[in-house]
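Please look over the structure below.

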Amino acid sequence: MRLYTHPACLEHDPGPGHPESPARLRAVLAALDRDRFAALDRIEAPRASREALERVHDAAYVTRILESAPAEGLLRLDEDTLMSPGSIEAALRAAGAMVAAVDAALNEPAGRAFCAVRPPGHHATANRAMGFCLFDNVAVGAAHALAEHGLERVAIADFDVHHGNGTQDIFAHEPRVLFASSHQSPLYPGSGAADETGVGNLANAPLPPGTGSQAFRRAWEDVLLPRLHAFRPQLLLVSAGFDAHRADPLAQLQLETDDYAWLTTRLLDVACTHAAGRLVSTLEGGYDLPALAASAAAHVAALMG
């Protein structure tokens with residue numbers, strides 16, 4: 001199994017007190033630097049090409065982001081999303097990790113990867129940065145699989161506590177992509193109702209605050225996993241946000257670390273049943289550092305099988 005990351009992803013710094021801090025990635029990498037993860041094939045993430053970005057983002061938006069990095073200080077794109085001098089390189093590496101991981105997964109038996117990168121991506125729409133996100137990393141990877149590998153069915157499973165509105169918007173009219181999401185509702189960004197179904201390719205399971213493990217697992221077992229199996233994906237991508245953990249300060253779903261291991265094994269079963277084991281996961285949210293580190297480690301350990 002491969003681990004994609006890059007030192008540049010630590011150089012995106014939204015400023016003191018911002019929850020999406022470089023310390024998040026340091027915590028994840030430290031957790032994955034233990035003996036049980038020694039078998040990971042650690043690979044430096046390349047930059048995403050402009051072509052890859054423009055498959056999911058408007059060309060004018062890509063230009064605007066690439067030309068916006070401040071020489072010093074911070075540039076505020078919206079209330080929550082800021083750019084520092086290192087943000088562009090980090091964002092290009094984060095999206096590029098997904099492209100490289102998809103290529104590797106589709107070129108070898110049972111290819112699996114985890115992209116330990118930031119900034120996260122699933123809130124970025126075709127033409128708007130939001131929710132800490134600049135480019136939609138998982139969407140870039142999915143579009144690359146369709147365009148360069150000729151796949152007909154790519155599934156995206158998103159278990160971040162916040163709905164992946166950007167990914168949903170990008171693929172809402174693309175029947176070759178199934179987007180399946182569990183998320184807290186009501187909560188930012190306010191999307192992800194169960195009746196948001198796209199062209200029959202969106203499966204949303206909104207969960208109320210305080211849901212807990214049992215109801216979370218039931219939503220996946222009864223609603224989302226059956227949709228993934230029915231779709232028979234040739235590749236499964238995962239937006240792996242760990243901010244539904246009970247310790248996380250930004251939400252209240254009250255999950256435990258074991259819930260991430262449980263769901264990862266179920267998602268891996270989908271990949272093994274339909275996609276020859278091909279699964280690529282990328283880091284999204286998670287803002288309590290110990291909970292993030294433990295949950296990411298549980299996720300990667302389950303992926304390693």
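## The sheet

Two strands count as paired if DSSP finds at least two bridges between them. Strands are DSSP runs (E, at least two residues), and helices are runs of H or I of at least four residues, numbered from the N terminus. This is a predicted model, in which local features need pLDDT of at least 70, side-chain atom pairs count only at pLDDT 80 or more, and totals for chains, interfaces and linings use all residues. Residues are numbered from 1 along each chain as its sequence is written, and side-chain values use heavy atoms, with hydrogens and water left out.

Eight strands form an open sheet with parallel pairing, in the order β2-β1-β5-β10-β9-β6-β7-β8. β2 (41–44) and β8 (202–207) are the edge strands; each has a single partner, so one side of each lacks a neighbour in the sheet. On average, neighbouring strands are turned by 15° against each other, direction ignored.

## Strand pairs and β10

β1 (residues 2–5) pairs with β5 (residues 112–115) in the parallel sense, over 3 bridges. Y4 stands opposite C115 in β5. β5 also runs parallel to β10, joined by 4 bridges. There, A113 faces V280 in β10. β9 and β10 are parallel too, with 5 bridges. A240 has L283 of β10 as its bridge partner.

## Helices α4 and α5

Helix α4 (residues 87–106) packs against helix α5 (residues 137–149) at about 40°, with axes 8 Å apart. Axes are lines fitted to C-alpha atoms, for helices over the stretch in contact, and angles run from 0 to 180 degrees between N-to-C directions.

The contact (heavy atoms within 4.5 Å) includes A91, M98 and L106 of α4 and V138, H144 and H149 of α5.

## Residue N165

N165 is found in helix α6 (residues 165–171). N165 is buried, with a relative accessible area of 6%. Not counting residues up to four places away in sequence, N165 touches H122, H123, T125, M130, P189 and S191. The C-alpha atoms of N165 and G190 are separated by 8.6 Å, and the two residues are 25 residues apart along the chain.

Methods: Buried means under 20% relative accessible area, exposed over 50%, partly exposed in between (1.4 Å probe, protein chains only).
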